[in-house]
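Subject: Structure for your review

Dear colleague,

A summary of the findings follows it.

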Amino acid sequence: TMALIDNFITVLRRALSRTFYPVLQQAIGIGSAFEGWTAREEEVVYQVLVPLTPPLGHLFHLERDTDQQKPGRNFRVRVELECRCPREYQGMNMLCFQHHPEVIRRTTQQPNLLDTLCTDSYLDVKKTVRWFCTLVGASWRRLPQSRSWHLVLLPSKRSCNLRLTNSQESFQVKVLFGMQRHTSDIFISSRYRGAHTPSTMWPESYAVAETKFFRHMAREAPQDSSHLKCLQLLARVLARKDFSIHSIKTIVMRLLHTVPVSQWQRRHFLLQLSDALEQLCISLEEKHLEHFIVGNQRLPEEIRLPPDVLRAKPPNLFHGLAQDPAAHSQAMQAYLDL
């Protein structure tokens, strides 16, 4: 899967090399399929995050959205044309993107990013997704995989969703886009966050950090560790009861972080399940489950957080249950029905 995406990125970067569209960086595998488990019993969905960097003559400014009514931590990406004039000759360089954009446009025959993928100077998620999906459709035949796989682009507004099939199997690839925060494992991404998410909003994503945590635990845990089987079973069962898969994953990550790794051996499987379900019950009763990454100062050293994420108060993943008594009663009943 990553070979396919890497081939795509290589082909697309070549096609975009003389344009002022975002620069596609190497894709990062995220989510359950790259962590060693899956909540789905049917077709596997591989999620990848493609980081974007500004093209020549452009700058990206990540601005935090301070609207407290919207859930989570959200950003907007303000795009600015870069001044390339010598300090003592401001405005004199005719090839300056900021001072002479019309000369650049006439010389290169290429529009700048503000003219293509932005809305009111902010990078637009939906325009970016449409642009990438169009590129994928036009470039598919150049890839060696096109000779043995059939590609279908699935409808989606905030990610590029692909289904690949051959005579024996099929799988999906969900391509998300993002910008790295500083040099950390935290990104802002195009991921979906509710029906009314503005197209210029980029929610903060912790998926890369979470995947790195699972890889760290795979190295630390015993060879016969069953933590992934435990997570997979819980996710499949509880998802049918309308529990958030991310909340189940959070509980297992918290247990992995606190229970000695020796206790995750296969012979302790039922104890692991019991611990996770007990933790879920306590969290439901208290209507409180803290985010695992945000504000966690005890993560493995290899997981890098920006200072503001490290210092932040962990959001309560069960905040909605605390605000809605009916939803809380329903969740408790669903747990009891298990």
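Is Asp120 buried or exposed? Asp120 is exposed, with a relative accessible area of 67%; here buried means under 20% relative accessible area, exposed over 50%, and partly exposed in between (1.4 Å probe, protein chains only).

Before the remaining findings, a note on the source. This is a predicted model, in which local features need pLDDT of at least 70 and side-chain atom pairs count only at pLDDT 80 or more, while totals for chains, interfaces and linings use all residues. Residues are numbered from 1 along each chain as its sequence is written, and side-chain values use heavy atoms, with hydrogens and water left out.

Backbone angles

Asp120 sits in the loop between strand E6 (118–119) and strand E7 (122–123); helices (H or I, at least four residues) and strands (E, at least two) are DSSP runs, numbered from the N terminus. Its phi is positive, near 50 degrees, in a residue other than glycine. Lys287, also not a glycine, has a positive phi of about 55 degrees. Lys287 belongs to the loop between helix H9 (269–286) and helix H10 (307–311) and is partly exposed at 31% relative accessibility.

Cysteines

The structure contains 0 disulfides, a disulfide being a pair of cysteine sulfur atoms within 2.5 Å. For Cys118, the closest cysteine sulfur is that of Cys96, at 18 Å, which is too far for a bond. Cys96 is buried, with a relative accessible area of 0%, and Cys118 is buried at 7%.

Strand E4 (residues 58–64) and strand E5 (residues 74–81) run antiparallel and are joined by 7 bridges; two strands pair if DSSP finds at least two bridges between them. Across this pairing, His61 stands opposite Arg78 in E5. E5 also pairs with strand E12 (residues 202–205) in the antiparallel sense, over 2 bridges, and Asn74 has Pro203 in E12 as its bridge partner.

Helix H6 (residues 207–220) has 14 residues and spans 20 Å from its first C-alpha to its last, close to the 20 Å expected at 1.5 Å a residue; the expected span is 1.5 Å times one less than the number of residues. Among the buried residues of H6 are Phe213, Phe214, His216 and Met217.

Segment after helix H12

Leu338 is found in the segment after helix H12 (325–336). Leu338 is partly exposed, with a relative accessible area of 46%.

Yours sincerely
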